[in-house]
Amino acid sequence: HGGDGDGGTGMNGVTGRTVVVTGANGALGQEVVRRLVAAGAKAAVITRGAPAEEIAGLDGVSAYRADLSDRAATAEAVGRIVAEHGGADGLLHLVGGWRGGTPIDEADPADWDFLEAGLIRSLQNVSQPLYPALAASEDARVAVISSISVAKPTAKNAMYATAKAAAEAWTLALADGFAGTGAAATVLRVMALLTPQMKADSPERKFPRYTPIGDVADRLVALWDAPAAEVNGTVDTLVPEVTA
């Protein structure tokens with residue numbers, strides 16, 4: 001735990017760090033786990049079901065099971081991670097979920113229940129028990145993937161934008177708590193994620209303003225390369241420019 005032989009400078013990147021990854025079975029999660037391990041980090045993944053075969057067999061990956069909407073089960077998984085790794089140096093919360101596309105007066109309350117559990121409660125349930133270990137780390141990083149819709153909510157996606165805004169607020173509150181420590185929390189906004197499978201399925205599509213998951217993964221892994229004070233409390237947008 002905590003950067004082998006880096007002299008405590010915290011500037012040797014993610015090598016040797018233990019990073020908790022939620023949503024690890026998704027396309028972005030798998031890409032992030034692969035790049036963390038390639039950079040010499042340990043990835044502690046929390047998944048509801050079995051971890052995807054693509055990441056389960058990677059050296060440096062340890063798997064834990066919990067439904068992140070279950071507070072007790074998530075706290076138990078976090079406790080095991082901290083005990084088995086001697087701490088934790090990061091949380092990359094990559095749990096997704098989208099409901100919307102209906103007029104604001106017709107939005108289904110069940111959509112809110114889904115979004116609140118997936119985007120807000122899951123973040124609270126994992127970050128609260130993990131907080132002491134993160135604050136004690138010399139170089140911890142926390143990041144969530146948010147949406148540009150927070151800055152300009154639309155009537156047809158009111159619940160989604162509201163849930164994402166709440167997750168951003170929670171993350172920035174973590175950043176306030178981290179002030180003066182080696183830890184930092186940040187928000188990364190995208191319009192939509194682009195996976196290799198999406199490109200393969202629709203080779204004729206241009207996917208303007210979609211962000212390739214590799215670019216997001218690179219940005220997340222690079223969080224450990226910048227000083228905590230430069231990362232903490234930031235909200236960055238990672239949306240490609242549209243070229244003619």
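**Close-ups of salt bridges in a predicted model**

**View 1. Arg121 and its charged partner.** Arg121 is partly exposed, with a relative accessible area of 31%. Keep in mind as you look around that this model is predicted. The side chain of Arg121 joins that of Glu116 in a salt bridge, at 2.4 Å from N to O. Side chains of opposite charge can pair when their charged atoms come close.

**View 2. Glu31 and Arg35 pair up within helix 1.** Here the closest N and O atoms of the salt bridge between Glu31 and Arg35 lie 2.8 Å apart. How are these two residues placed along helix 1? Helix 1 covers residues 27-38, and Glu31 and Arg35 are separated by about one helical turn because they sit four residues apart in it.

**View 3. Asp139 meets Arg141.** The side chains of Asp139 and Arg141 form a salt bridge, with 2.9 Å between N and O. Are these two residues buried or exposed? Both Asp139 and Arg141 are buried.

**View 4. A network of salt bridges around Asp139 and Arg141.** Across the whole structure, a search finds 12 salt bridges, among them Glu31 with Arg35 and Arg121 with Glu116.

Conventions. Residues are numbered from 1 along each chain as its sequence is written. This is a predicted model: local features need pLDDT of at least 70, side-chain atom pairs count only at pLDDT 80 or more; totals for chains, interfaces and linings use all residues. Side-chain values use heavy atoms; hydrogens and water are left out. A salt bridge is a side-chain nitrogen of Lys or Arg within 4 Å of a carboxyl oxygen of Asp or Glu. Buried means under 20% relative accessible area, exposed over 50%, partly exposed in between (1.4 Å probe, protein chains only).
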